[in-house]
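Please keep the sequence and the structure in view while reading.

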Amino acid sequence: MSVSIPSLEDAKCIFLFGYNPSASHPIVSRRIVRAKEKGAKIIVADPRVIETARIADIYMQINNGCNIAFLNAFANAIVTENLHDKEFIAEHTNGFDEWWETIKDYTPESVQHITGIDPETMREAARMYATAESAVLGWGMGVAQQKQNVLTVHTLAAIACITHQIGKPNAGLAPVRGQNNVQGSCDMGMLPNFFPGYQKVTDPAMREKFAKAWGVPVEKLSDHEGYKLTDVGHNAEEGKVHAFYNFGEDPLQTEPDAQDLKRQLQGLDLLICQDIFMTQTCMIADVIFPGTSWGEHDGVFSASDRTFQRFTAAVPPKGECKHDWQIFSELSTRMGYPMHYEDTQEIWDEMRSLCPTFYGATYEKMAGVGHAQWPIPTIEHPGTPIMYLGGKFTTPDNRANLMAHDWEPPTELPDEEYPLILCTVREVGHYSCRSMTGNCRALSLLAEEPGEIHIHPDDAKARGIYDGELVRAFSRRGEAMSRAVVDERINKGTVYMTYQWWIGKCNNLTLHAVDPRSHTPEDKFSACQVEAIEDQVWAEQHMQELYTQLKNDLADLASAQDVEPTSQRQPQETRESVIV
Amino acid sequence: MEKHMAVCPYCGAGCKLDLLVENGQVVGAEGLDGITNQGELCLKGLHGYDFINDTKILTPRIYHPMIRREKGAPLERVTWDEALDFTAQKLMDIKAKYGPDAIMLTGSSRGPGNEANYVMQKFTRACIGTNNIDNCART
């Protein structure tokens with residue numbers, strides 16, 4: 001995010017595009033409600049009448065998969081009405097004329113059949129955004145999990161730049177992160193192209209720096225980018241990847257086309273899972289390492305808006321669980337690269353010393369309810385709630401490069417056999433693969449298997465489906481049983497499923513098609529069909545049986561840990577001395 | 001009742017909270033005056049703590065290292081030493097046979113935190129010698 005979450009409430013206009021904060025980030029949503037109370041204009045473009053749509057000044061129910069067509073037309077409306085900031089464009093951006101060459105053809109009228117939006121409404125929204133004193137453009141997975149996701153982000157950023165709704169207080173871009181520490185994973189270099197602090201692995205100077213700090217010859221550090229996570233399945237199948245070390249994720253629940261991925265992962269020579277729970281992915285692992293849980297260890301998380309904050313252990317580790325960083329260190333030591341840390345602060349300080357952008361974020365600064373928001377290059381630096389102030393961008397010439405792209409239709413369009421669009425969405429009471437929230441008493445009471453499939457009343461009626469009934473949803477990849485919610489707040493022709501459910505696993509249906517740049521899967525758009533199940537008594541029973549079976553399978557497999565090890569080997573003296 | 005400062009492990013908002021502990025069990029969560037949440041918490045923040053206590057509502061916690069000695073063999077609890085030796089040997093064999101890029105790792109964007117991820121990528125790059133490390137940001 002170029003803005004901070006608190007700054008949202010002082011923006012004069014908030015435009016949400018493919019983002020449902022009340023389900024995915026209720027505390028961010030609260031800032032948007034406050035902004036509204038302070039007089040801000042709210043614009044929402046989303047295929048569903050989400051909660052924020054109810055308080056919006058302008059709500060546009062866009063068609064699924066229209067993003068770039070919509071945004072190009074939105075930009076077109078701004079420039080056609082002369083609402084762009086020519087001075088800011090001239091001083092702080094590159095490539096306006098070339099950008100306009102693409103945008104000029106996208107009038108709101110010319111793409112109405114793609115967007116589903118009345119041209120005058122779009123023009124009114126464009127005026128509202130462009131003329132606001134300060135505006136924040138927020139988006140979520142509705143942008144990210146689409147075929148042209150990176151190109152859509154280019155387009156959104158260009159809209160903020162040509163209107164000067166970036167580079168000043170309370171204005172900018174607000175792409176939110178789904179999981180609590182996705183920002184942190186990226187900050188820490190859990191990326192195939194970056195060391196920690198977004199320093200390129202292909203830059204010889206960076207390799208030199210990290211090699212020196214880590215005490216390895218520079219040739220040891222790989223000089224080329226690595227594989228992306230969404231490639232692991234087919235790389236395993238093609239024999240490129242033989243071992244996969246999966247830390248704290250459950251890809252067989254959360255990744256697209258889960259059945260195919262399972263087959264691919266089963267073909268690996270070695271699958272390591274480090275987790276706190278027995279998950280579906282752990283079930284097929286060759287090695288399971290028990291890590292400590294949140295609540296049992298210390299550390300720092302990065303929020304979506306680049307805010308570092310500390311968290312501490314509340315209870316001691318259970319059983320033989322070790323802190324994750326201890327497990328990596330001990331494994332590394334055994335593989336000939338000794339690592340040893342006393343605590344998380346020692347790790348954090350090593351990281352800071354190698355990352356100029358994070359250097360000022362000390363543990364002391366983050367004590368209690370303190371925080372540190374990067375970029376924070378020095379100890380004295382106050383942190384950076386709003387980026388690019390004064391129109392100074394982080395490019396070599398400090399200017400933003402405007403980029404425009406032509407719209408392309410999604411990969412798998414509905415047809416006669418699979419006439420519905422499947423869009424996967426978020427659940428307010430459950431999170432990710434549900435291993436955490438599904439084990440919480442209060443939250444597990446809120447929603448249960450097999451989850452819900454939201455369907456428009458017309459689509460339900462055409463299929464003889466009644467609200468609350470179990471239905472069968474299927475695609476070219478697989479099928480799932482789910483519970484129908486007949487919902488007039490969604491658009492006709494699309495069904496919506498959340499991705500937490502085992503029996504109602506939407507990822508049995510989703511398509512593994514990825515954006516060529518980010519390799520993000522197109523989870524928001526694939527073709528499917530839904531049919532009624534006549535015998536509801538059987539269906540309810542069958543669903544319960546499947547659910548109980550899977551729970552029992554997980555518990556049975558985990559019960560292997562209740563048997564004391566048979567071959568108690570003595571720890572080797574030499575190894576112990578290396579660790580110490 | 002003890003109180004321990006934490007940050008919510010669910011969405012990316014970054015809400016500060018206290019975990020309330022009684023007799024070694026986490027029994028509640030209270031909002032703290034963090035920069036983002038200003039004392040408030042949502043449903044998940046308020047009620048999303050008791051998985052730590054191993055409620056076994058959905059799936060059990062894992063307390064001990066386990067391995068399969070061969071592909072398809074049953075899972076077996078082993079000592080940490082054996083689990084780590086076994087894994088180190090397997091990884092070294094794969095690296096020797098196919099090169100470091102035959103090993104892929106993914107970090108956790110959930111409860112572990114930045115320090116655990118930093119150490120994992122250091123292990124990936126400095127010990128294994130590959131940049132095959134990623135996280136769930138793509139999905």
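How many helices and strands are there in chain B? Chain B has 3 helices and 7 strands, where helices (H or I, at least four residues) and strands (E, at least two) are DSSP runs numbered from the N terminus. This is a predicted model, in which local features need pLDDT of at least 70, side-chain atom pairs count only at pLDDT 80 or more, and totals for chains, interfaces and linings use all residues. Residues are numbered from 1 along each chain as its sequence is written, and chains are lettered from A and ligands numbered from 1 in the order in which they are written.

**Chain B**

- Read from the N terminus, the elements follow the order β-β-β-α-β-β-α-β-α-β.
- The C-alpha atoms of chain B fill a box of roughly 55 × 30 × 25 Å along the principal axes.
- Of its 139 residues, 62% are buried (20 or more other C-beta atoms within 10 Å of the residue's own, with C-beta atoms placed from the backbone).

**Helix pair in chain A**

- Helix α4 (residues 67–80) of chain A packs against helix α10 (residues 149–162) of chain A at about 15 degrees, with the axes 10 Å apart; axes are lines fitted to C-alpha atoms over the stretch in contact, and angles run from 0 to 180 degrees between N-to-C directions.
- α4(A) is therefore roughly parallel to α10(A) (angles under 35 degrees).
- Residues in contact (C-beta atoms, placed from the backbone, within 7 Å) include A:Leu71, A:Phe74 and A:Ile78 in α4(A), and A:Leu151, A:Ile159 and A:Ile162 in α10(A).

Conventions
A residue is buried if 20 or more other C-beta atoms lie within 10 Å of its own, exposed if 12 or fewer, and partly exposed in between; C-beta atoms are placed from the backbone. Angles under 35 degrees count as roughly parallel, over 145 as roughly antiparallel, 65 to 115 as roughly perpendicular and the rest as oblique. Two residues are in contact if their C-beta atoms, placed from the backbone, lie within 7 Å.
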